[in-house]
Amino acid sequence: MAPGPNSLMWFRKGLRIHDNPALEHAANGCDCLYPVFVIDPHYMKPDPATFSPGSTRAGLNRIRFLLESLVDLDASLKKLGSRLLVLKGEPSEWDIKRLCFEYETEPYYQALDYKVKNYASLAGIEVFSPVSHTLFNPADIIQKNGGRPPLSYQSFLKLAGKPSWASSPLVTKLNSLPPIGHVGNCEISEVPIVQELGYEDTGEDELTVFRGGESEALRRLRDSIKDKEWVANFEKPKGDPSAFLKPATTVLSPYLKFGCLSSRYFYQCIQDVQKNVERHTSPPVSLLGQLLWRDFFYTVGFGTPNFEQMRGNRICKQIPWNDDDELLAAWRDARTGFPWIDAIMVQLRKWGWMHHLARHSVACFLTRGDLFVHWEKGRDVFERLLIDHDWAINNGNWLWLSCSSFFYQYNRIYSPISFGKKYDPDGEYIRHFLPVLKDMPKEYIYEPWTAPLSIQTKAKCIVGKDYPKPVISHDSASKECKRKLAEAYELNKKLNGVASNEDLQGLR
Ligand code: FAD
């Protein structure tokens with residue numbers, strides 16, 4: 001029998017064995033399979049200025065989560081008779097005839113994959129790049145919509161319909177993998193530890209409570225769906241954003257981000273639960289509806305040039321945001337003087353994950369609610385610190401929360417005082433993430449600056465010394481934000497949705 005080709009499986013996201021069509025295709029009928037992960041320098045650029053060691057793009061928590069996911073993937077590949085090759089050099093001697101990798105819609109990967117495909121075609125290498133990170137192929141939805149992405153969730157749902165694979169079995173049945181071939185002079189390493197990538201491990205206290213990897217993803221998924229009533233009644237945005245010991249949602253986002261969990265498998269598991277209950281919630285609020293939000297943002301992000309910025313982005317309102325780096329730093333470093341906002345920002349830094357409504361609160365506060373700082377700056381902070389950071393979803397939600405796109409009711413502002421109080425009147429969440437306020441009586445925990453000095457002294461927290469004074473007055477700042485947005489919206493209307501930067505200077 002003629003020898004089969006050598007295949008290379010290039011893992012980028014999709015760090016899993018289950019429902020991985022690229023891996024299955026790579027393994028099919030080949031003599032040798034090289035399962036490779038490349039530590040991409042694009043994500044590893046060190047930043048000496050704003051942030052601690054590591055890269056500007058990815059904080060310690062996310063990198064650690066990634067490395068844990070790679071260790072888990074390596075262990076799973078070993079059980080199948082293979083292993084993960086973490087690559088530093090050039091695999092020029094491997095005689096690869098087939099290259100398999102999951103299709104990606106982010107602009108960075110689109111540009112990279114274009115180059116890789118051209119190279120492969122010149123070298124006579126077959127490329128197989130299936131869509132398996134999302135439920136749908138964003139290009140199909142855009143094509144059905146006449147070449148433009150749908151801009152509302154409802155129109156997205158209509159176009160998307162039920163996925164073709166919804167009722168067929170997905171789970172990959174890989175019992176073993178072909179051996180790894182000769183590796184030649186190419187430098188192969190084990191999965192590195194964070195310090196080898198330029199990060200300082202700051203001690204357990206600073207590290208996320210969520211562990212990376214497919215095994216943990218599947219355990220978490222099973223845990224989330226075993227309570228059928230919970231799945232059936234899932235309704236977002238209902239749910240308590242301050243619940244931290246047992247979060248109100250699944251916390252599967254980091255696993256979906258890295259593809260440790262297949263979104264299609266998740267979809268089928270929810271569908272199975274729904275088939276077996278009498279009544280269940282529906283999109284947009286149901287759990288299935290959340291997954292569809294993910295695909296909605298992937299589709300709009302894929303079909304919108306300059307989606308990640310205000311300039312040149314045709315779906316983004318042009319708003320004369322300010323460049324106040326001091327306000328930005330106070331927000332980023334949890335020093336706004338509003339405990340609800342600061343506690344969420346501490347959770348972001350320590351855990352790399354917060355509830356959706358907590359993200360709403362801090363994104364609204366930074367942009368249209370209070371500080372009027374550009375959404376792109378908040379987006380960058382989230383990009384670095386979230387373990388679930390995802391290009392399409394992060395940009396889409398910042399566009400949404402800043403009332404730059406999708407959602408335009410700028411008069412509806414989250415109060416940095418009363419919103420959190422509604423869910424957590426005793427301020428347990430604040431006490432946990434801001435221990436400096438742990439002895440503040442509940443009457444003052446959301447507004448410690450209103451506490452008489454005697455109470456501050458007793459609570460061992462003097463505002464202005466132990467905890468900052470508020471950086472703005474919420475009442476006047478939010479009024480001013482609404483005024484500026486009204487003016488900007490008016491100008492956008494006049495200029496038919498595209499105001500130039502010069503026109504907007506006058507509004508500052
Ligand atoms: P669940 O409620 O259990 O939902 C299940 C899955 O559905 C999630 O894991 C996620 O993949 C998807 N999903 C849920 N809500 C949304 C949503 N609004 N938009 C798109 N997909 C959704 N989510 C990210 O995964 N990465 C990001 O970078 C990100 N940035 C955000 C930035 C801002 C300003 C805001 C307001 C939200 C952002 N979100 C982001 C969306 C959302 O907050 C998280 O997906 C969700 O909180 C993750 O928790 P979960 O897995 O428990 O969600």
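**A walk through the model**

Author: Happy to. Let's start in the sheet: β1 and strand β4 (residues 96-100) run parallel and pair over 4 bridges. Within β4, Leu-99 is the bridge partner of Leu-8. Keep in mind that this is a predicted model.

Reader: Thanks! How many strands form the sheet, and in what order?

Author: There are 6 strands in an open sheet, ordered β5-β4-β1-β2-β3-β6, and the pairing is mixed.

Reader: And which strands stand at the edges?

Author: Those are β5 (126-128) and β6 (188-189). Each has a single partner strand, so one side of each is left without a neighbour in the sheet.

Reader: What holds strands together in a sheet, in general?

Author: Strands of a sheet pair through backbone hydrogen bonds, and they can be parallel or antiparallel.

Reader: Back to β1, then. What does it do on its β2 side, parallel or antiparallel?

Author: Strand β1 (residues 6-11) pairs with β2 in the parallel sense, over 5 bridges. Trp-10 stands opposite Val-36 in β2, and Phe-11 has Phe-37 of β2 as its bridge partner.

Reader: How does the chain cross from β1 to β2?

Author: The chain passes through helix α1 (residues 21-27) on the way, making a β-α-β crossover that is right-handed.

Reader: Is β1 mostly covered or mostly open?

Author: Mostly covered, with 6 of its 6 residues buried. In a regular strand, side chains alternate between the two faces of the sheet. On one side of β1 you find Asn-6, Leu-8 and Trp-10, on the other Ser-7, Met-9 and Phe-11, and all of these are buried.

Reader: How many residues of β2 are buried?

Author: In strand β2 (residues 33-38), 5 of the 6 residues are buried.

Reader: What comes on the β3 side of the sheet?

Author: β2 and β3 run parallel and are joined by 3 bridges. There, Phe-37 has Val-86 in β3 as its bridge partner. Strand β3 (residues 85-87) then pairs with β6 in the antiparallel sense over 2 bridges, and Leu-87 stands opposite Ile-188 in β6.

Reader: Changing topic: which residues come nearest to the ligand?

Author: Of the 28 residues around the ligand, the nearest are Thr-249, Thr-250, Ser-253, Gln-290 and Asn-394. The elements giving two or more residues to that shell are α8 (253-257), α10 (287-303), α13 (356-369) and α15 (391-401).

Reader: How many of the shell residues are nonpolar, polar and charged?

Author: The shell around the ligand has 12 nonpolar, 10 polar and 6 charged residues.

Reader: Now α6, please. Is Leu-221 buried or exposed?

Author: Leu-221 lies in helix α6, and it counts as buried because it has 20 C-beta neighbours inside 10 Å. Leaving aside neighbours within four places in sequence, Leu-221 is in contact with Leu-252, Leu-261, Phe-266 and Cys-269.

Reader: What about Ser-215, how does it count?

Author: Ser-215 is found in helix α6 (residues 214-225). It has 17 C-beta neighbours inside 10 Å, so Ser-215 counts as partly exposed. From its C-alpha atom to that of Lys-482, 267 residues apart along the chain, the separation is 47 Å.

Reader: Last thing: how confident is the predictor?

Author: The mean pLDDT of the protein chain is 92, and 93% of its residues reach 70 or more. For the complex, the predictor gives an ipTM of 0.99 and a pTM of 0.94.

Reader: Where does pLDDT stay under 50?

Author: Over residues 497-508, for which the model has 20 contacts beyond four places in sequence. Where pLDDT is low, the predicted coordinates should not be read in detail.

Conventions
Residues are numbered from 1 along each chain as its sequence is written. This is a predicted model: local features need pLDDT of at least 70, side-chain atom pairs count only at pLDDT 80 or more; totals for chains, interfaces and linings use all residues. A residue is near a molecule or strand if its C-beta atom, placed from the backbone, lies within 6 Å of it. Ala, Val, Leu, Ile, Met, Phe, Trp, Tyr, Cys and Pro count as nonpolar, Asp, Glu, Lys and Arg as charged, and the others, Gly among them, as polar. pLDDT is the predictor's confidence in each residue, from 0 to 100. Two residues are in contact if their C-beta atoms, placed from the backbone, lie within 7 Å. Two strands pair if DSSP finds at least two bridges between them. A residue is buried if 20 or more other C-beta atoms lie within 10 Å of its own, exposed if 12 or fewer, and partly exposed in between; C-beta atoms are placed from the backbone. A crossover is right-handed if, with the strands pointing away from the viewer, the path from the first strand over the helix to the second runs clockwise.
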